[in-house]
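Colleague: I would like to learn how to read a pocket and the elements around it. Could you take me through one case, giving the general idea before the details?

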Amino acid sequence: MKKEDLKKMISNLPKYPSVLGRDRFFNSAVLIPLVKIKGEYYLLFQKRAANIRQGGDICFPGGGFEKGVDKNFKQTALRETKEELGIDKKEIKIVGQLDTMVAPIGAIVEVFVGIIKKKALKNMVIDKNEVEKIILVPLSYLKKQEPEVYTLKSEVKPYEINELGKKEIYFPAEELGLPEVYKEPWGNKKHKVWVYKYKDEVIWGMTAVILQDFLKKY
């Protein structure tokens, strides 16, 4: 390597390291909305409409980053909150951000914390195509509650038998001459799943992971 090539390589290294291979993931942002009611802070969750992907799940407002629309991830969180709940950005004060979350499903989530004006709740216009309802949960209740802990296993499949009974190869481990272990499903990695319950609702998945991290700051 020539000296000038080394200098060029060094100059191209990121000044502020981010997530390696970010462009391979689904990039998104969510807002953890806090609202003060009668002297107590509540977290605002939303229940996804039954007819959409992951319908019925409890989550925070948010969604995918849109190039050409969002200048940054904070704008993504604010825009999605406006689209889903009708709460304008002028009614939200962003007070901080959690660490970047890299989810096993192939998503990167930037998490912002914002305080919502109480009057914004009265003026909400919920998009019923995406949101069934909102759920307000006292922060003090969640802080005191110990979540239930379960385990899921994930497996990497280099091939699958399709509905016609034929072998559909995704990764040609045999053609590549890789070790035998990669020619059959591998991994079986276990990971924890946290579950919070409030009345008849269940909070789990990525939302529960984000919630648990947030509660550690409280």
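Colleague: Which strand gives the largest share of the lining of the largest pocket?

Modeller: In this predicted model, the largest share comes from strand 12 (residues 186-198), which supplies six residues to the lining of the largest pocket. The lining has 42 residues, and those nearest the centre of the pocket are Q54, A103, I105, G205 and M206. The space within the largest pocket comes to about 1,100 Å³.

Colleague: How many residues of the lining are nonpolar, polar and charged?

Modeller: By class, 22 of them are nonpolar, 11 are polar and nine are charged.

Colleague: In what order do the strands of the open sheet run, and is the pairing parallel or antiparallel?

Modeller: As a general idea, the strands of a sheet pair through backbone hydrogen bonds, and the pairing may be parallel or antiparallel. Here the open sheet consists of three strands in the order 9-12-13, and the pairing is antiparallel. Strand 9 (148-156) and strand 13 (201-203) stand at the edges and have a single partner strand each, so one side of each is left without a neighbour in the sheet. From one strand to the next, the twist averages 35 degrees.

Colleague: How many bridges join strand 9 to strand 12, and how many join strand 12 to strand 13?

Modeller: Strand 9 and strand 12 are joined by eight bridges; within this pairing S154 stands opposite K189, while T151 has K192 as its bridge partner. Between strand 12 and strand 13 there are three bridges, and K197 stands opposite V202 there. These two strands, strand 12 and strand 13, form a hairpin with two residues between them, and K199 in the turn has a positive phi of about 55 degrees.

Colleague: Which helix lies across strand 12 and strand 13?

Modeller: That is helix 5 (residues 205-216), which runs at about 70 degrees to strand 12.

Colleague: What is the geometry of the aromatic pair formed by Y141 and Y198?

Modeller: In general, a pair of aromatic rings is described by the distance of the centres and the angle of the planes. The model has four aromatic pairs. One of them, Y141 with Y198, is edge-to-face, with 5.1 Å from centre to centre and 70 degrees between the planes. This pair links distant parts of the chain, since Y141 belongs to helix 4 (residues 139-144) and Y198 to strand 12, 57 residues apart.

How values were computed: Residues numbered from 1 in each chain as written. Predicted model: local features only at pLDDT ≥ 70, side-chain atom pairs only at ≥ 80, totals over all residues. Heavy atoms only, no water. 1 Å grid on protein atoms, 1.4 Å probe; cavity = no way out; pocket = protein on both sides within 12 Å on 5 of 7 lines; lining within 4 Å. Points joined across faces, edges and corners; volume = space filled by probe spheres on them. Helix = DSSP H or I, 4+ residues; strand = E, 2+ residues; numbered from the N terminus. Nonpolar A, V, L, I, M, F, W, Y, C, P; charged D, E, K, R; others polar. Pairing = 2+ DSSP bridges. Axes fitted to C-alpha atoms, helices over the stretch in contact; angles between N-to-C directions. Contact = heavy atoms within 4.5 Å. Phe/Tyr/Trp six-rings, centres within 6.5 Å; stacked < 30°, edge-to-face > 60°.
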